[in-house]
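Have the viewer open, and take the points in any order you like.

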Amino acid sequence: MRFNFAHSLLWSWLFYMLCYSIETSANSVSQTNNSSHENTNNEIVFVVGNDSFPYQYMDSQGKADGLMIDIWKLWAKKNNHSITFLAKPWTETLDAIKNEEADVHSGITKLPYREAFMEFGEPIFNIGMSVFIHKDVVGVKTLADLGPYNVGIVNGSAHHARFQKQFPHLSLKVYQSRDEMYQDAVIGNIKVLTGMERIATRHPLFVQLSKAFPLYKKLEYDQLPLTFAVKKGNSQLRKKIVEGLKNITPIEMIAIERKWLGVESEKDTLVLALAQGNKPYMDVSEEGAAIGLLVDIWKLWSEKTKRDVLFLPESMSGALKSVESGKADIHIGYPESEKVTTRIPRAHHVYTVLSRFFYPKKIGEITALNQLNGKTIGMYSTAPYKLDFIEQYPHIKVRYFTSSDAMISAAVTGEISGYIAATQAAIVKLRDLSLLDQFNYLDSEEFEANIYALVNPEKQALISQIKEGFRLIDNRELVEIEQRWLRENTGQYFTNNRKRIDLTIAETNWIKEKKSITVGVVEDWPPIEFVDNGIVKGVTADIFAIIEKQTGLKVNYKIFANWESVLQALTDKSIDMVGSIANTPERESFANFSIDYWPTPWSIITLMESAKTNGVGDFSGKKLAFIKDYQVVDKVREKYPNVSITVVEDLEAGIKELKKGNVDGVVDTLISTARYIQDTRTPDLKLHLVEDLPSESGHIGIRNDWPLALTIINKALSTITKDTKKTIFNKWFEIKIEQGLSQKEVKEIAYKVAAVVVVFVVVVLLWTRSLQREIKRRRIAEEKMKHMATHDSLTGLPNRNLLKDRLSTSLKQHARREETLAVLFVDLDGFKQVNDSQGHDAGDELLIQIAKRLARCVRKSDTIARFGGDEFILLLNNLNHVNEAQLVADKILNSIAKRFNLSNASVKVGASIGIAVYPINGLTSSDLIKKADDAMYQVKVQGKNNFAFAD
């Protein structure tokens, strides 16, 4: 009995508490759909727009729901206050505040006309004002391009007011509700619609809308703060709500935002923000999937760490905002420097991008940025090197841009002389716009941008996890990803700059034991090696910097006054290595020699009035000055006994002897003589290339009791690419024209620059000339045979065999990158009549002209092939959308429709075109060609002179 009584008492208490809890909850937050408001219990009534998804709307059960609703429910709980929601159509929500049906507007943007009867709170969220473009619409890059389209817009919304004021030229289709607009968009009645940051995943039409209006087509045109509002004069309530909002933590706000703005993820899934539109580094595919080099790196990171990731594509500013606010955990890659920073915590240096100056060919050749003094160039506002650029080039004006399209447009129209952009991304963009052949870039100057992973400030514990994950990735895997995305060798960071040498255990242990090496240098031998304000500079320093990076050995320098002292120190082993040394039998007694890393031809400096010379042999009976200790002197004495040799201390001493008339020329390496002419600006000297002496080979001399050092140094030197050598060369042969020089001095320097350029062209053409002639003959013969086998003899276009080879290769590349290509089968209409009436010669002439017109309709990266008699096939690579194939087909039809003026007649023909798209119409070359052929045949059947897509 005692147990039963206690049991009954317990259940009675629980029932009472449950009833009390339900009553309390109902009093705290209640729902109403009534159009009248009677506040009897000091409840605060929030008016809610019933279709402003995902911020405020009515769910299928008729209850208020959405981002702002969750905030006000949390506000009520935190402040222990009862609230209720009153649902209205959006336009009536404003009247509800005016007429005092409600106390607070639950979510609204501040507009001037609303301030007449409302007081607004502080911003709660900044929301992006966006325009969503249908996937079939092409060529829309800015709002100005929307002229031909109706823009869907909700009556009374913030979009409505802004479009009427800022874009009065656009055609608006006004809807009374968002659902009505979405319905019309799904069935295809409008191709453009307005909205906030994204179409959220919780909307019933999300699947259909996201497919028809992919995120990568979105244009964000403004940012507006979302807040609450009360009736004007109700300042006390406004203050109460503002104070109550302070009790909601940032983490709680982030959780609500994530829930409603489409980035919900599993508990352990990391959300990674990326800035779309930055091919080949990060972008989205036509289906909205994240793609790009950095995306693949993070996918590999996810695979190594077993940590799931979710990519969140955004605009450049939107991606940063998502990380700052906590909507995303990590930004996959943002450019920063020590001077230009977002102040968001950095987690890892993911990549390095090299930028160059791109300029239209029509403005003429640019050889140095100093030519642009007084002119304006474009640059991204986010460029991490922008402050360094301004400091280095104070006389060049800089105009900042937020998009590549705007920057390229300004360059094309002449508003700017050119622009600085990431080399690989700029090449891809110009190729996509069919403008690549109209632009050059300055190869001699590069601007480095380090790309960092950034983390949400509240989640800095992720930094160690991110670093650890990247340590698990092998460099070879990164090189493979890089080469998949970057076609041109220029700017391949992992391939060119992070290539690691493979060391044996013995070599690794040797490096750990030695830790550092001492390198001897001459203090005044520019540009090979010299000392500037106590710092060793020049070619030698740059080469050893690479060795230091590749091996981990610290390089210390010991400075000497002359070369003899350097050699003696290496003999005594008081230094470990020297650079730019020739390998001779005498020196092998105390040094080992690395592989040749810097071959340099010889040159002769003479007075300007001297005759042109091709080598030492032209100085028979004359005097030549040679630098002391150059091994080539013995070879010259042996080969040219009639040449009198004077030995001098250095090049400058030799020039003095030349000007005094004591010698007829001075012999030194081309790199030294060209540098001397640049630096001294001497107009009375002439530089000649020596063809009859073998080039001087530059080695690293290593103390001969360190055999392991030789193999280590050779491995490090073998990683130096041609591009790296070219960069080093350009670095030490750059001429800077400082402000204040006279016009005469500038001209003299310009002439010398031209002379140096000519010399190096000669080096390329004449170096080992006899061998090159034979190689050239064979190469020409081979190329002719290869060309005949792969090209049409009449038009010069690729033939059927080469087309199939290129198509097969393209299919493999596009399959890896999930990209789209198209095959266009073009058959001429009326060609047989021309051939029959005007003769075969006229027919051949017509085919040649048609081939030229077809070439003007496509990009250089595309392929045009002659497939048969009057049949041509076009291969269009890397399409952003299938509609681009339609645009090309239109261009072909319009081009071929114009009259052809032949030698003996003026004729007109047409074309029937069939289009097959990979991967929609086929996965193999034969399937695509057959489908395109079938589509072309259908055009013929239906009246010719048109195009059709394959079924």
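1. Strand β38 spans residues 863-866, and Thr 863 is found in it.

2. Where the numbers come from: this is a predicted model, in which local features need pLDDT of at least 70 and side-chain atom pairs count only at pLDDT 80 or more, while totals for chains, interfaces and linings use all residues. Residues are numbered from 1 along each chain as its sequence is written, and side-chain values use heavy atoms, with hydrogens and water left out.

3. Let's stay with Thr 863 for a moment. Thr 863 is buried, since its relative accessible area is 5% (buried means under 20%, exposed over 50%, partly exposed in between, with a 1.4 Å probe and protein chains only). Its side chain makes a polar contact of 3.3 Å with the side chain of Arg 806. A polar contact here is a pair of N or O atoms within 3.5 Å; within protein, one must be able to donate a hydrogen and the other to accept it, and residues adjacent in sequence count only if both atoms are side-chain atoms. Setting aside neighbours within four places in sequence, Thr 863 is in contact with Pro 798, Leu 803, Arg 806, Ile 873, Leu 874 and Leu 875, where contact means heavy atoms within 4.5 Å.

4. Now the whole chain. Of its 951 residues, 50% are buried. Among contacts with a separation of 6 or more, 71% are between residues 24 or more positions apart.

5. Tyr 351 counts as buried because its relative accessibility is 0%. Its side chain is joined to that of Glu 482 by a polar contact of 2.5 Å. Tyr 351 and Ile 297 are 54 residues apart in sequence, with their C-alpha atoms 9.8 Å apart in space.

6. Two strands pair if DSSP finds at least two bridges between them, and β4 (residues 56-58) and β5 have two bridges. Met 58 has Ala 64 in β5 as its bridge partner.

7. For a parallel pair, go to β32 (residues 623-627) and β33 (residues 644-648), which five bridges join. Within this pair, Phe 626 stands opposite Val 647 in β33. How many of the five residues in β32 are buried? Four are, so to speak, tucked away as buried residues.8. Two helix pairs deserve a look. α17 (residues 505-514) and α23 (residues 707-717) pack at about 100°, with axes 10 Å apart; axes are lines fitted to C-alpha atoms, for helices over the stretch in contact, and angles run from 0 to 180 degrees between N-to-C directions. That makes α17 roughly perpendicular to α23 (under 35 degrees counts as roughly parallel, over 145 as roughly antiparallel, 65 to 115 as roughly perpendicular and the rest as oblique). Ala 506, Glu 507, Trp 510 and Ile 511 of α17 meet Leu 708, Ala 709, Thr 711, Ile 712 and Lys 715 of α23.

8. The other pair is α28 (residues 831-838) with α29 (residues 840-855), at about 140° and with axes 6 Å apart. These two are therefore oblique to each other. From α28, Phe 831, Val 834, Asn 835 and Gln 838 meet His 840, Ala 842, Gly 843, Leu 846 and Leu 847 of α29.

9. Last, some backbone details to check. Most residues other than glycine have a negative phi, and most peptide bonds are trans. The bond from Lys 279 to Pro 280 is cis, with omega near 5°, and Pro 280 lies in the loop between β14 (270-275) and β15 (283-284). The bond from Tyr 918 to Pro 919 is cis, with omega near 5°. Asn 533 has a positive phi of about 55° and counts as exposed at 75% relative accessibility.
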